[in-house]
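Please examine the structure shown below before reading the report that follows.

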Amino acid sequence: VRNLKLEHEQEKNKILSEALETLATEHHELEQSLVKGSPPLSIISEEQFYDAVSDSESEKSLSGFETTTAYSLEDSMDSKDTITSSMSQEKVCGSGELLSNGIKKHRTSLPSPMFSRNDFSIWSILRKCIGMELSKITMPVIFNEPLSFLQRLTEYMEHTYLIHKASSLSSTTERMQCVAAFAVSAVASQWERTGKPFNPLLGETYELIRDDLGFRLLSEQVSHHPPISAFYAEGLNNDFVFHGSIYPKLKFWGKSVEAEPKGTMTLELLEHNEAYTWTNPTCCVHNIIVGKLWIEQYGNVEITNHNVSAFTCLKFKEEKHLEVIKLHKVEGYIQDKSKKKLCALYGKWTECLYSVDPATFEAYKKNDKKNAEEKKSGKQVGNTEEPDEMPLPDSESVYVIPGSTLLWKITPRPPNSAQMYNFTSFAMALNELDKEMESVIPKTDCRLRPDIRAMENGEIDLASEEKKRLEEKQRTARKNRSKSEEDWKTRWFHQGPNPYTGTQDWLYSGNYWDRNYFNLPDIY
C-alpha cells in the first residue's frame, strides 16, 4: 500500500513539475510576442545558473549530475580558438614580475577558458528537488566558476579608491557621497556573473594584499550551518577598516531565485573617527526555467553615519516591465538627523552613480513622471525588451541631469571576459598563486583548494572528483566532532556585538598577519 501511495505521489510530482515548466514556457513566449510582435516560439533555452549560497553537502545527491563529464566539445573548442591569440599575448604573470613602479603585476587571463554549459539546464535539476530545502541542493561543478565565495566577497574591494578618496575629504556630505558610491560599486561585479562560486569549507580562509589599491583583506568561513563568511580589510596607510559577515538567505520563487544577504557592513574612516554601517541589497536571478538568465539587485539600503546621526537612503529599484532605461536604477538622498535632504544620488549599479542638488533632482523626477503619464495616456508602447537584450554595463543608459557630479563609473571588463566566466580584471587575479605566495599563506587558504585549481586549469572531471572528496571529508570531520562532543572553534574571528549597531556580528580577533600559523585544520 505504501509503495502504491509513493508511486502516486511521484506521478503527481512529475505532472506538477511538467505543468509548471509548460506554464513558464507559455508565459515567456507570450511576453516575447507582446514585446516584439512576433509569434511565440516553442523553444526552451538551457542556460547557466548562479546560487551563491547553495549547500554543497546535500545528503540527497542528484543522480546523473554528481560527476559532470559531458559538455559541448565543439563549443569548448570554439571558445579556446577565440582566445588562443589573446592568451599567448597575455601570459599569466609568474612570481616576481614587477611594474616600473615596483608594484607586482597581476595576471590578465585565466589558464583555461570556461566550459560550455549549453548541454545543461538548471530546471532539469530543480524539478527533481521540489519539496527539498533549496540550500540543500547539490549543483554539478559545471555551474561553478573557479572562485570560492570568500574570493567573491573580496570583490567588494575592487573600488577601494572611493574609500581613500572619502578619507581625504573634509566635508561630511562629500565623504558620505563617496561611501554611498562604494556601497553601490561593491555589487557591480555581479552583473552577468551567473556562475556559482564554490561553497567555502568550514575553516577555509582567504587573504589578499593589493599594494596598488592600498589594502589587505582576510576572510574566514566561520559557520557551515548556516553558511556564514566573515571578512576584515584595512588600509595599508591605516586610513580605514572595513569588516562584516554575510549569511545569504535563499528563496525559490518558481521562475527566479532570490538571495537576501543577511549581515552588516561596517566601514570606519579612522582619520575622521567616523563609522558607517549598511546591509547589501537583495540579489535575484531571473529566468531559471526558460529564457536567458539575468541578475537584478533590489531593495532599500540605508547607510548610517553613526558620528553625526546622518544617513543615506538608497533604493535599488525592481523593474517588472523590463524597460531598458529603468533597469538597475539606484536613487536616494543623503539626509541629516532632521531628515533634511542634503544631496540627491542617482545612477545604475551596473554603470555609475551621480550626485546632484535635491531640488534639481526632484524637478527632473516630476517632469519625467509627467512625460511618462502622457505616454501612457497616449497608449504609446515603451521601449521594453526581453532580458536577453538588456544593455551591457558600458552602454551609457543613464541620463545625466545638468549640474550633476560623477561619483563613480564602472571599469570596463577585459576583452576576454566572456570566455573567462565574465570576470572583471580584479576577479581574474583573485586565485593567482606563485611560489613566493605559496610559502607564506596558511594551508587553509582557498588558493590551495584542489577542486577550484582544477577547474581554473580546465580539468573539469578532476574538479568534480575533488569537490566530492572535499565534501565527504568535511562531512566525516563533522560526524567525528559530533561523536566526541567537540565544538568547532573559529581561528581568526569571534562572535560579539557590532560596536555601532549592537547586533550580533563576527569580529576580527587579530594576529593573522603575524604569520604564526599553528594547529590549523586539515580541510583539503
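## Terms and Overall Picture

Two residues are said to be in contact when heavy atoms lie within 4.5 Å. The model described here is predicted.

The protein chain contains 11 helices and 18 strands. Of its 524 residues, 53% count as buried. The accessible surface of the protein chain amounts to about 24,600 Å², and carbon and sulfur atoms make up 50% of that surface.

## Helices H5 and H6

Helix H5 spans residues 161-168, and helix H6 spans residues 172-185. The two helices pack with their axes 8 Å apart and at an angle of about 170°. Because of this angle, H5 is roughly antiparallel to H6; the cut-off for that description is an angle over 145 degrees.

On the H5 side, the contact is formed by Leu 162, Ile 163, Lys 165 and Ala 166. These residues meet Arg 175, Cys 178, Val 179, Ala 181, Phe 182 and Ser 185 in H6. By type, the residues of this contact comprise 7 nonpolar, 1 polar and 2 charged.

## Ser 185

Ser 185 is found in helix H6. Is this residue buried or exposed? Ser 185 has a relative accessible area of 2% and is therefore buried, since buried means under 20%.

When residues up to four places away in sequence are not counted, Ser 185 touches His 159, Leu 162 and Trp 408. Leu 162 is also one of the H5 residues in the contact between H5 and H6.

## The Region of Residues 453-487

An unreviewed UniProt entry carries the annotation "coiled-coil region" for residues 6-33 and 453-487. In the predicted model, residues 453-487 are 80% helix and 0% strand.

Which distance separates the C-alpha atoms of Gln 474 and Tyr 524? The two residues are 50 residues apart along the chain, and their C-alpha atoms are separated by 8.9 Å.

Notes:
Residues numbered from 1 in each chain as written. Predicted model: local features only at pLDDT ≥ 70, side-chain atom pairs only at ≥ 80, totals over all residues. Heavy atoms only, no water. Axes fitted to C-alpha atoms, helices over the stretch in contact; angles between N-to-C directions. Helix = DSSP H or I, 4+ residues; strand = E, 2+ residues; numbered from the N terminus. Parallel < 35°, antiparallel > 145°, perpendicular 65-115°, else oblique. Nonpolar A, V, L, I, M, F, W, Y, C, P; charged D, E, K, R; others polar. UniProt positions renumbered as here; feature names shortened; annotations may be inferred. Buried < 20%, exposed > 50% of the residue type's maximum accessible area, 1.4 Å probe, protein only. Areas by Shrake-Rupley, 256 points an atom, 1.4 Å probe, with all protein chains shown as cover.
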